[in-house]
Amino acid sequence: MIHQFETRHQDNLEFAAGDRLSHVGVLAQREELCTPTFLATVQGVPAPLFFFNQSRQLLHANPAALRVVDASQVEHVLGLRMGELLGCDHVMQGADCQDAGNCQNCNSMAAIVAALAGQPAQQEMRLVIHPRSTRRRQVYEVSSIPLPVGGKIVAMVVLGASQG
């Protein structure tokens, strides 16, 4: 069953704010995730796929996801959080991505936290993209799925265009 989060649930996600892993820590987790079988499976998927660790930092993105965030290589965006990847206005003004106070409409944190807790989720994500960016207000459908990796859960996030 897929859990539908509502914006008002953001107030209950303050526990999600937390420290980030170092770049070395992110690389170690990425190495554990990115087996040859994993890479062969996700690289050809046409939908944007993002994979986040328990600190909600990016471990891997498939080519479709890299196109969405205008990155040529996953190494350029490792360790970033969803709002940082997409150019969220709050982040570009110096706020911490996925700080519950700044995520009232984004909802990516709710979906990622649900997956990290072992629950699939589907959420509409609304972002205001920083004015200096080539993007603008964006609405995405975000589906998150827990993926067990080496005794831990990684959040797989599928980003799709909103129908609304």
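Colleague: How many residues of helix H6 are buried?
Modeller: In this predicted model, 9 of the 9 residues of H6 are buried, so the helix, spanning residues 108-116, is mostly covered under the cut-off of 20% relative accessible area.

Colleague: Which residues are the buried ones in H6?
Modeller: They are Ser108, Met109, Ala110, Ala111, Ile112, Val113, Ala114, Ala115 and Leu116.

Colleague: Which residue with a positive phi follows H6?
Modeller: That is Gly118, with phi near 95°.

Colleague: Switching to aromatics. How many aromatic pairs are in the whole structure?
Modeller: The search finds 2. One of them is Phe38 with Phe51, which is edge-to-face.

Colleague: Why does the pair of Phe38 and Phe51 count as edge-to-face?
Modeller: The planes of the two rings are at 75°, and over 60 degrees counts as edge-to-face; the centres are 4.9 Å apart.

Colleague: Where in the chain do Phe38 and Phe51 sit?
Modeller: Phe38 is in helix H2 (residues 36-42) and Phe51 is in strand S2 (residues 49-52). They are 13 residues apart, and the pair links distant parts of the chain.

Colleague: Are those two buried or exposed?
Modeller: Both Phe38 and Phe51 are buried.

Colleague: What about Phe50 and Phe52, how are their rings arranged?
Modeller: They form a stacked aromatic pair, with 20° between the planes and 6.3 Å centre to centre. Phe50 has a relative accessible area of 0% and is buried. Phe52 is also at 0% and counts as buried.

Colleague: Now charges. How many salt bridges does a search of the whole structure find?
Modeller: It finds 1. The side chains of Arg20 and Glu84 meet there, at 2.5 Å from N to O.

Colleague: Which parts of the chain does the Arg20 and Glu84 pair link?
Modeller: Arg20 is in the loop between strand S1 (3-4) and helix H1 (23-33), while Glu84 is in helix H4 (residues 82-86). The two are 64 residues apart.

Conventions
Residues are numbered from 1 along each chain as its sequence is written. This is a predicted model: local features need pLDDT of at least 70, side-chain atom pairs count only at pLDDT 80 or more; totals for chains, interfaces and linings use all residues. Side-chain values use heavy atoms; hydrogens and water are left out. Buried means under 20% relative accessible area, exposed over 50%, partly exposed in between (1.4 Å probe, protein chains only). Helices (H or I, at least four residues) and strands (E, at least two) are DSSP runs, numbered from the N terminus. Rings of Phe, Tyr and Trp (its six-membered ring) pair if their centres lie within 6.5 Å; planes under 30 degrees apart count as stacked, over 60 as edge-to-face and the rest as tilted. A salt bridge is a side-chain nitrogen of Lys or Arg within 4 Å of a carboxyl oxygen of Asp or Glu.
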